[in-house]
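Thanks for coming. Please have the sequence and the structure open while I talk, and I will go through one part at a time.

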Amino acid sequence: MRAATGLPTDRHWATVPTEQLPQVLDTLKQRFWGSLEDSGRLYLWRRSERTYYGEDEAGGWKESAAVQYGGEQGELALIRMNQYRSIIQAILSMATSERPAFFAKAVNSSTQSLIEAPIATGLIEFYYNDKRIDDLVQTTAERALILGEGFHHNRWNILAGKAIGQDPKTGAIVHEGDVCPESVSPLSVIRDLKEPADNLKWCIVATWVNLWDLVAAYPQEAERLQSQRGSAWWPDTVWSDEYQRGKLGNEEDPDRVVVWTLYHLPSDAVPQGRYSLICGEVVLSDEAMKLDEIPVYACVPSKHIDKNEGNSALWDLLAPQEAYDAAWSSLLTVHDSYTIGNLYVPKGSGITPAQIASGMRLIEYNYQQGAPNGGMPMPVNYMTLPTAAYEFPDAIKAEMQTISGVNSVARGEVDDNVKSGTMAALIQSLAVKFNSGVQRSVVHLHERIAGGLLKMLKAHSDTPKVAEVMGTGAAEYLRTVQSSDVEDVKRVIVETANPLTQQLAGRMELAEKMAQLFPGKMTMEQFVQVVETGQTAPLYKRAKAVVDVIAQENDMLRAGQLPPVAYVEQPQPPPPTMPGMPPLPPMGIQQPTPRTCHPNEDHAIHVQEHSVILTPDFKADPMRLKAFDQHMADHYAVWSSMPADMAAFTGQSLPPPPPIGAPPLDAPAKPDAPKGAAPPPKDGPSRPEPEKARPLGGQPQPNMPSMPRPAGGGPPIPA
């Protein structure tokens, strides 16, 4: 049973059999187009786009870049002075000029998650660079400012990537597939307009492809696909009169057809969801939904509160822009019509037009007694206009800037009263804060795109990808990445820049202040980095790497496991020396000793950070405590035998020297003394304190050196 609308009445439309999907899709397209027309939204999109690009009434370019003439006899000069586009470009630049920093977050803090997080971050950076997603985000944000909504589609393309084989049934070349991001017009995302655009439960997205590529990929449907040539169509601009024009034939490019991607999330009515590809009357594929979100992400700077529709605050500038054009057209009409002078002469004066053929126009009048200028020829000046007529366009421009929150500094027009880079940066930051909704929407879009990339690769990619994955700045090397390498990464956080750092003057001011606060510690590379990017992240990765290694070792110790063993060649300790003699060099290298640490590690930091796991539960477990004690002993053994030059080379401090006569660290413990025996002296027999030097025979001074002793012992040599 089917209603007149074309949608079923006995089930959810997304559960119809595969062969009925094209009919359902056609009904949804008709309903969507009708809603756009009935609500006036399509008209508003056309008007905003026409104003932004300076298009004519039909959306064409024929008269878009020329002065037009109107009126009954063409007496009016009409000109466009496009402040609307200039203001939108300023806001777009503020929102998208700085790429945010990505930080992949794992589901927990386990060792494996810590390993996967930087891999995922590098993978996102690779795709952003390889697929030029920054440019797509800028286009999507531009659509959102013009049309109130913009969409980004992370489309999985089975025809992308290298060929990996051939389908034995159809003979088609099988590719590994890849994500093909694209910026999508709101006209091309069929959806329920009553639902929020940034929280879609279902949608159908149009993608334009070449018909013959489809025939090669789906040879079993070659005949049916060729029958869609010229008819599988949908408007890719808002200027089409009706979406059904394709039914009459796509005469512009018949080989350019539309493939519709249907997404429906799992729900009570559609338990497995649905993911289908449809071209005209041909269903190319139809399966359950693999993702937990629809890979179509909206950029919505502002919403209509009651209607959940995207709304652009810049639409408020459409009427002032018309008034601004009219004001300039009036001034241009005056200049165009009256810059060539007129000459009043009485009739019969004998002056003819041929005598003033250089461009002046002759106007004759009947001479009467008391005529102006005594009847002598007199020039006429129509150019004198009130001062307010020339000030009116500037007044409209100022109001447009006030409405949009974009000041002159943000548009590159620095006023004379702006005296410093700090003041300019402050004024710039005010404009950024006023339009923070746009920036917030762009940042949210980046987060969803980056997280969606990981989800898409985990759901569809079965082959390794070669990508630059290490490091968040300059990549260190290429490696292959599989979906299992980022299994525990569940979300991506985007960190934005301070508005002060979004202008060169502000970044220069920040760099100079940092150089003053940290004299001698800021390198030239760091200074240039702050000026160029505004980022104050360290150039070296040692600090983060140390933290990551310690966290991995803590995970192993909590599980009662020792960290991996490294065979360390330790120098033998030097023999003890007599007082006053210089220390002797080490006596060679011992046999490599298995240790659970390495000399290059910062042992003091490791020991301090490992101590945080000593919870009561941990100390109550003998197995875990034994592993902990062994690891701490290894750290101390390696640290205490470290040569001074090695400690200086790795930036570590040395332990205090052992007392004279102390046994080596690894020497066997001495047997306990019998009960009742007197303990031996701690540092040998007591020795008298050497006498201090007496300056000029006076009293000994506490800060003076001790007097020398004879070579054979005995009391100090008197002063």
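Before the strands, one term: two strands count as paired if DSSP finds at least two bridges between them. Please also keep in mind that this is a predicted model.

With that term in hand, take strand E11, residues 274–279. E11 and strand E12, residues 282–287, pair in the antiparallel sense over five bridges. Two of the partners can be picked out by name. Ser276 has Asp286 in E12 as its bridge partner, and Tyr275 has Glu287. Between E11 and E12 there is a hairpin with two residues between the strands, and in it Gly280 takes a positive phi near 60°.

Now the other neighbour. Strand E10, residues 256–264, runs antiparallel to E11 and is joined to it by five bridges. Here His264 stands opposite Arg274 of E11.

What is the order of the strands in the sheet? It is E8-E9-E10-E11-E12, five strands in an open sheet with antiparallel pairing. The edges are E8, residues 189–190, and E12, each of which pairs on one side only. As background, strands of a sheet pair through backbone hydrogen bonds.

Next, is E11 buried or exposed? Six of its six residues are buried, so the strand is largely enclosed by the rest of the structure. In general, side chains in a regular strand alternate between the two faces of the sheet. In E11, Arg274, Ser276 and Ile278 are on one side, while Tyr275, Leu277 and Cys279 are on the other, and all of them are buried, so to speak of cover, both faces have it.

What lies across this sheet? Helix H1, residues 21–39, lies across E8, E9, E10, E11 and E12, and runs at about 85° to E11.

Last, the nonpolar cores. The largest has 104 residues, and those touching the most other members are Leu225, Trp234, Trp260, Leu284 and Val296. Helix H11, residues 436–460, gives this core its largest share, nine residues. A second, separate core has six residues, including Ile613, Phe618, Phe628 and Met632.

Back to Leu225 for a moment. Apart from neighbours within four places in sequence, Leu225 is in contact with Leu211, Leu214, Val215, Tyr218, Cys279, Val282 and Leu284. Of those, Cys279 is one of the buried residues of E11.

Definitions and conventions. Residues numbered from 1 in each chain as written. Predicted model: local features only at pLDDT ≥ 70, side-chain atom pairs only at ≥ 80, totals over all residues. Heavy atoms only, no water. Buried < 20%, exposed > 50% of the residue type's maximum accessible area, 1.4 Å probe, protein only. Helix = DSSP H or I, 4+ residues; strand = E, 2+ residues; numbered from the N terminus. Contact = heavy atoms within 4.5 Å. Axes fitted to C-alpha atoms, helices over the stretch in contact; angles between N-to-C directions. Core = buried A, V, L, I, M, F, W, Y, C linked by side-chain atoms within 4.5 Å.
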